[in-house]
Amino acid sequence: MTTAQRDGPLRFATFLAPNMLPVYRFLATRIGDRLGRPIELTVGRSFDQFERAEADLGVICGLPYVWLAARQPAPVEPLAAPVLIGDRYGGRPVYYSDVIVRRESPITCLEELRGCSWAYNEPASHSGHTVTLYSLVRLGARPGFFGRVVEAGFHQQAIRLVHTGAVDAAAIDSQVLAIELRDHPQLANHLRVIGSFGPSTIQPVVAASRLPSRLKDPVRELLVELGDDPTARPLLAHGFVDRFRLVDDAAYDDIRAMLATVEAAGWTSLTQTAIAR
C-alpha cells in the first residue's frame, strides 16, 4: 500500500538550502490544509525516496529533476516553480548563480579566476556545479582552470568560505545569496558579486508520479493562487518569492542542454584535472 492510498500524513521533502525552510514549512502547512490531511516536512536524504514512497512532494534542484525525469517511468513530475522578486528575473521562473569574492579581492571578472581557489556546494547542484562547468566550457576554459576546489556541502557554507578568505570565489544560487545577505549584514559588507551564470529554470516543487490526480491537481492550484493571497505574502517574501507558475517537463530543457554541453566537453566535475578519455 502506497502513501497515497493511506489516510496518514504525506511527506514533503526539501533538498534545497536550509535558509528557505520557513517557506517550505509554510507550503507544507498550506498544502495540508488544502488536502485535508497532515503533511510532514522532512529534509531529503536521497532522491530515490520518491520511488520508495518515502517522499510524496518536495522541492528539488533542476539537475536531479532532469536525472529523475530520464528514468522510465519517471518517479516525479513538476507542479510549479517560484517566480522571484526582482527585475532581473523578468517575471519568469528562473534564477542565476552569482559569483562572489571578498570585497577587497583584486578579482573583477570571471576570466580572472584562473588559478584561484573555488568553493561549490555539491555535485548534484545545478546552480553550484553544472552551470559553473557549462559557463567555463563556454569561456573556452579546461579542467584545472581553478587552482584548488573545495566541496562545501551547502551554498551557505560556500558563502562563508569566501567571507573568511578560505577560498577566493564561489557561485551561489541568487535566491540563497539574497536571503543570506539580507539576514546577515556582516556578509553583505564583505562580499562582492563579479558576475553571474545563467539564467536557468528555477527549482520545481515536484510530486511523486504515483500520487493520484486528486492530490496533485489541488496542490498545483494552491501554489498558483498563493501569489494573490495577502496572508501568504510575508512568508513568500522571506524567500524573495513573488508567486508560483505552473511548469512542465520541457521547462527544464535548458538544464538538459547545459548538461549535454558539459558531457560533450568531457568535463563533468569541478575537481577534474584532465579531460577523460
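Analyst: Happy to! First a definition: buried means under 20% relative accessible area, exposed means over 50%, and partly exposed lies in between (1.4 Å probe, protein chains only). This is a predicted model, in which local features need pLDDT of at least 70, side-chain atom pairs count only at pLDDT 80 or more, and totals for chains, interfaces and linings use all residues. Residues are numbered from 1 along each chain as its sequence is written, and side-chain values use heavy atoms, with hydrogens and water left out.

As background, most residues other than glycine have a negative phi, and most peptide bonds are trans.

Let's start with phi. Phenylalanine 240 is not a glycine, yet its phi is positive, at about 55°. This residue sits in the loop between α8 (233-238) and β11 (241-246); helices (H or I, at least four residues) and strands (E, at least two) are DSSP runs, numbered from the N terminus. With a relative accessible area of 24%, phenylalanine 240 is partly exposed. Alanine 53 also carries a positive phi, near 60°, and lies in the loop between β2 (39-43) and β3 (57-59). Alanine 53 is buried, its relative accessible area being 18%.

Now the peptide bonds. The one from glutamine 72 to proline 73 is cis, with omega near -5°, and proline 73 belongs to the loop between α2 (62-69) and β4 (76-84). The bond from glycine 198 to proline 199 is cis too, with omega near 10°; here proline 199 is found within strand β9 (residues 191-201).
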